[in-house]
Amino acid sequence: MKSGVDIQSVLKQVFGFSQFRPLQEQIIQECLEGRDVFALLPTGGGKSLCFQLPALIRPGLTVVVSPLIALMKDQVDALQSSGVPATFLNSSIASGESRERLRGLHTGQYKLLYVAPERLLLSGMLDDLRRWNLAAIAVDEAHCISEWGHDFRPEYRQIRNLREIFPEIPFMALTATATERVRKDIVEQLHLRQPSVFVASFNRPNLTYRVTPRSGGYRQVLDFIRTRPKECGIVYCLSRAGAESLAERLKADGIKAAPYHAGLESSERARNQEMFLRDEIRVMCATIAFGMGVNKPNVRFVIHHDLPKNVEGYYQETGRAGRDGLPSECLLLFSAGDVAKQQGFIDEKTDEQEKRIARAQLQQMVHFAEIGACRRVALLDYFGEEYPETQCGGCDNCLAPRTTYDGTIAAQKLLSCVYRIRQKSGFGVGLNHVVTVLTGGETDKVRQWRHETLSTYGIGTEHSRNEWGAIGRELIRLGLLHQNAEKFNTLEITPKGVAALRDRQVITLTKPREPSKPEVRRVGEIACDELLFERLRLVRKELADQLGVPPYIVFGDNSLRQMARNYPQSNVDFLRISGVGDQKLQSYGRAFMAEITDHLVQNPRQLFADDSFETPDPSVDKRTRGERLNGTTLETLKRFNAGASVAEIASERGLAESTVYGHIANAAELGESIELSRFFTAADQHAILQAFSKCGFGNIAGAVEELGGRFHYGQLKVFRSVKQRDPFARPR
């Protein structure tokens with residue numbers, strides 16, 4: 001690196017972190033070498049540090065192109081809190097303040113300038129940039145430059161002109177989500193020159209994904225929020241009216257909530273967002289207008305009250321949970337009615353190409369919502385990434401696998417009905433009409449096409465329309481039916497479906513999940529003195545209010561939980577807390593350490609296990625064994641306790657070994673006694689502990705790699721689950 005500066009020292013002294021997140025160090029090195037960079041890092045992956053840290057090291061000014069005023073102010077507040085000379089220019093600043101900031105830029109007072117794209121290319125601004133010793137240009141939320149991106153902004157297209165004006169200045173493009181097509185478009189639109197490309201994993205291991213049937217949606221949302229009384233989150237709604245109605249009902253039931261959508265006055269939107277950022281309201285009920293630019297790290301849950309229209313939007317919205325890396329939950333309430341509603345919106349479009357794309361995207365979203373396999377695997381597969389295991393242990397389908405059944409007869413009826421309709425009419429129909437014929441419905445189309453005369457008419461009254469719809473969509477996922485998006489989603493039997501019908505093949509289907517209240521799970525949470533944590537939160541809020549900034553600008557929850565675990569009472573100890581740099585020690589150290597000292601005068605110091613592991617309270621879960629474990633997990637546990645090996649259980653039950661390991665890990669998390677000596681020697685356990693200490697407790701894939709593949713994902717998942725319940729267990 002040409003600068004000769006120890007970037008590790010800058011990372012700790014300024015930003016308070018002892019190590020980089022994945023790819024950050026490599027990106028920073030390339031940036032300091034003066035190369036163009038394209039970086040795709042997930043939400044919470046530390047994109048901002050990739051241009052902020054180099055800006056402190058090299059001479060000159062780094063300009064950051066940012067799409068939203070709120071995002072600019074938020075990042076500048078955070079930087080100034082850490083002692084970094086940064087500022088922004090936009091329409092929210094009074095003219096006098098703007099002139100003062102311009103004077104500071106002329107005198108070299110700042111290292112970072114945040115600015116909107118439309119302001120950047122004003123003639124006066126371009127003249128100023130030439131005088132300000134421009135060192136680099138970073139384009140944040142770079143997907144906005146692509147028409148194929150989910151949040152295209154035409155004004156972003158102007159940024160490419162800067163390459164001609166400043167041909168020698170290195171560019172950096174950063175985004176949190178982009179398909180391969182969008183990535184290529186970003187590189188082309190910005191005229192990046194042989195850029196160093198960094199694409200991190202799309203996996204967010206701290207997020208738990210759940211989908212449950214919507215049954216009285218409001219009550220489900222209310223129950224979910226009430227079981228998390230000190231946590232904040234976002235509830236996404238399809239319509240503006242839905243967001244407002246939900247917020248009003250939550251407020252009436254004692255939940256601090258507010259709406260956010262494009263139809264509100266800008267002042268009301270800004271006020272509601274500010275209250276959310278400052279922890280003065282717990283729940284934001286919003287349309288998709290809310291999200292980008294909201295850098296709130298401690299959002300603990302995201303609920304989709306309605307079905308998103310595509311997977312990329314769903315990923316982006318769920319990504320607003322757990323930006324600080326702590327465990328957070330994503331809940332989607334799903335109903336077949338949502339599918340029909342979205343299809344109705346698509347039918348209103350006038351452009352046939354748009355309709356085709358929208359139908360295909362909706363089909364992918366429904367596939368994700370109804371799939372019986374691991375949701376994380378499906379989500380990553382959408383972005384072209386392969387998950388190393390068949391189960392993640394962090395979605396509803398892995399934590400409580402759905403039961404299957406012999407659906408041969410139902411599948412034969414539906415496949416036969418599709419075949420008979422096409423045979424009689426000479427054309428295909430959509431799933432809704434097939435279901436109408438199966439259930440003996442009397443509609444104009446049935447009469448018009450004489451489908452009441454078919455042998456399959458009315459042979460499916462044993463299932464409801466919704467049940468038949470779910471069966472039909474699963475047959476599409478299994479490849480027995482094809483839904484033709486270019487022909488109004490009409491159904492066609494595939495060669496595989498014809499063979500299954502002709503040969504009377506056994507077809508296994510998945511039972512839909514029953515509506516249920518999601519469990520409060522905190523796998524990977526930092527165990528700490530919860531009473532002290534709450535006291536430190538109050539100190540943080542008081543300091544933040546005095547400074548006029550959101551609480552997380554002072555410290556994130558991660559830092560507070562470490563304080564409430566390690567009880568730092570000296571400057572040296574306080575600096576060991578993640579997120580504490582020299583400036584934050586000077587600004588806030590005394591107040592937090594005084595609170596810790598006062599707490600210890602009144603309360604005993606709690607002891608915790610190894611820093612990597614959680615110490616749960618076994619008394620919390622008072623359910624019976626049968627209530628905690630589902631039937632298939634109980635059966636696995638029964639055989640395991642009788643002495644059967646994982647391989648034997650998998651063979652006897654016709655399951656994959658990874659599924660059996662998942663059952664055992666789930667049982668361990670819920671308090672069942674599992675002897676690690678059944679899987680590992682004492683030396684093995686010591687080696688695994690060291691690997692987790694190095695890679696982090698939440699990073700099983702990293703531990704697999706660190707151990708050179710000696711143990712696979714399922715084995716290490718069992719190890720982690722046992723340690724979570726009993727961190728003091730010693731290898732033997």
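I note that the model is predicted.

Entry on the Phe202 pair. I searched the whole structure for aromatic pairs and got 17. Phe202 and Tyr315 form one of them, edge-to-face, with 5.7 Å centre to centre and 65° between the planes. Phe202 sits in the loop between β7 (196-199) and β8, and Tyr315 in helix α13 (residues 311-318), so the pair ties together parts that are 113 residues apart in sequence. I checked Tyr315 too: its relative accessible area is 4%, so Tyr315 is buried.

Entry on a second pair. Phe555 and Phe574 are also edge-to-face, at 6.1 Å centre to centre and 75° between the planes. Phe555 is in the loop between α24 (551-554) and α25 (557-566), while Phe574 is in helix α26 (residues 571-575), 19 residues apart. Phe555 counts as buried at 1% relative accessibility, and Phe574 is buried at 0%. I also noted a cluster in which ring pairs link Phe640, Tyr661, Phe679, Phe680, Phe711 and Phe719.

Entry on the sheet. I followed β8 into an open sheet of 6 strands, in the order β8-β13-β12-β9-β11-β10, with parallel pairing. Its edge strands are β8 (207-213) and β10 (257-260), each pairing on one side only. From one strand to the next the twist averages 20°. β8 runs parallel to β13 (residues 328-334), and 7 bridges join the two. Which residue of β13 is the bridge partner of Tyr209? I found Cys330. Helix α15 (residues 352-370) packs on the sheet, where α15 touches β8 and β13, and its direction makes about 110° with that of β13.

Entry on α12. Helix α12 (residues 266-277) has 12 residues and reaches 16 Å from its first C-alpha to its last, close to the 16 Å expected. I listed its buried residues as Asn272, Gln273, Phe276 and Leu277. They cover an arc of only 135° around the axis, which puts them on the same side of α12. Residues three or four places apart in an α-helix point the same way, because there are 3.6 residues a turn. Asp279 follows α12, with a positive phi near 65°.

Entry on α18. The 18 residues of α18 (residues 408-425) should span 26 Å, and the end C-alpha atoms are 26 Å apart, which agrees. Its buried residues include Thr408, Leu414, Cys417 and Ile421. Among the elements covering the buried residues of α18 are β14 (404-406), α19 (431-438) and α21 (465-477). Gly426 follows α18, and its phi is positive, near 85°.

Terms used:
Residues numbered from 1 in each chain as written. Predicted model: local features only at pLDDT ≥ 70, side-chain atom pairs only at ≥ 80, totals over all residues. Heavy atoms only, no water. Pairing = 2+ DSSP bridges. Helix = DSSP H or I, 4+ residues; strand = E, 2+ residues; numbered from the N terminus. Axes fitted to C-alpha atoms, helices over the stretch in contact; angles between N-to-C directions. Contact = heavy atoms within 4.5 Å. Expected span 1.5 Å × (residues − 1). Buried < 20%, exposed > 50% of the residue type's maximum accessible area, 1.4 Å probe, protein only. Arc of directions from axis to C-beta. Phe/Tyr/Trp six-rings, centres within 6.5 Å; stacked < 30°, edge-to-face > 60°.
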